[in-house]
Amino acid sequence: MGIRDMFGKKNTIEKLSLRELQAEEIRLKNRLERLKKDINQIEKKKKQLFQEGIGADKLKKKMLAQEIKGLDMEQKLKLKDFTTAQRQYTLVKNLIIVKKYEKELKKTGLWEKLNSVEPEELEQALIKINLDGKEFDEMVEGLNRVFEMEVAEFEESEDETERELMKAWGQVEAGEADVEEVADKVVSIDRKLEEDEEL
């Protein structure tokens, strides 16, 4: 079951089942683990190809650069999937916490607010915060604050991969740089994954 299925047109937070949310949480956690594994395997392959380019002729380097660029594109798509799944996972975890505090939230009046918000708005709000491990008062404060916040999206800019690779190979071959250091810098995907690992 996807997030959109849970938030049907007329579906409110009231109608969401805790059991379904918990099943979705497990499904998403497994998906995140699979994607992380795939991303790391592509990373390994890119580093291996980079190593092959050291000392190779220009044609071989061009071929390797194309292969690395292809893998880079695949890795970016997987990272995009990972980020989407991470957002969904955060949403589901927060929904589970909100559902567990349903009675208390009804007493504060915040439940009515949550229930009356459009599903898309509620989804955006619950993606922006982390309620996990928060005390009830902190959770209420976080929920109230998030409704006033605005989402700031950013797009990753395209880089000149081939030029960077050629420069890096040149540095290694000239003895100006360490292979591992350069491979990590040029071939490695954004370290964002390590930050996201705290599932």
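At 39% relative accessibility, does glutamate 33 count as buried, partly exposed or exposed, and what is the reason? Glutamate 33 counts as partly exposed, because its relative accessibility is 39%, where buried means under 20% relative accessible area, exposed means over 50%, and partly exposed lies in between, with a 1.4 Å probe and protein chains only.

Before I go further, a word on the basis of what I will show. This is a predicted model, in which local features need pLDDT of at least 70 and side-chain atom pairs count only at pLDDT 80 or more, while totals for chains, interfaces and linings use all residues. Residues are numbered from 1 along each chain as its sequence is written, and side-chain values use heavy atoms, with hydrogens and water left out.

Let me start with the overall fold. The protein chain holds ten helices and zero strands, where helices are DSSP runs of H or I with at least four residues, strands are runs of E with at least two, and both are numbered from the N terminus. Along the sequence, the pattern is accordingly α-α-α-α-α-α-α-α-α-α. The chain has 199 residues, of which 39% count as buried, and its accessible surface comes to about 12300 Å², with 48% of that belonging to carbon and sulfur atoms; these areas come from the Shrake-Rupley method with a 1.4 Å probe, and for residues only the protein chains shown count as cover. Among the contacts with a separation of 6 or more, residues 24 or more positions apart account for 78%, a contact being heavy atoms within 4.5 Å.

Now to helix 2, residues 18-53. Its 36 residues should span 52 Å at 1.5 Å a residue, and the end C-alpha atoms are 53 Å apart, which agrees; the expected span is 1.5 Å times one less than the number of residues. Just after helix 2, glycine 55 takes a positive phi of about 85°.

Next, the charged pairs. The structure holds ten salt bridges, each being a side-chain nitrogen of Lys or Arg within 4 Å of a carboxyl oxygen of Asp or Glu. One of them joins our opening residue, glutamate 33, to lysine 36, at 3.7 Å from N to O. Both partners lie in helix 2, three residues apart, about one turn of the helix. In general, an α-helix has 3.6 residues a turn, so residues three or four places apart point the same way.

A second pair, lysine 76 and aspartate 72, meets in a salt bridge at 3.4 Å, N to O. These residues are four apart in helix 3, and therefore separated by about one helical turn, and both are buried. Lys46 joins Asp72 and Lys76 in a network of salt bridges.

Which parts does the bridge between lysine 93 and glutamate 25 tie together? The side chains of these two meet at 3.8 Å, N to O. Lysine 93 lies in helix 3 and glutamate 25 in helix 2, so the pair ties together parts that are 68 residues apart in sequence. Lysine 93 counts as buried, at 18% relative accessibility.

Helix 3, residues 58-100, also carries lysine 61, which counts as buried at 10% relative accessibility. Leaving out residues up to four places away in sequence, lysine 61 touches Gly53, Ala56, Met166, Trp169 and Glu173. Isoleucine 97 is likewise found in helix 3 and is buried, with a relative accessible area of 14%. With the same exclusion, isoleucine 97 touches Leu131, Asp132 and Met139.
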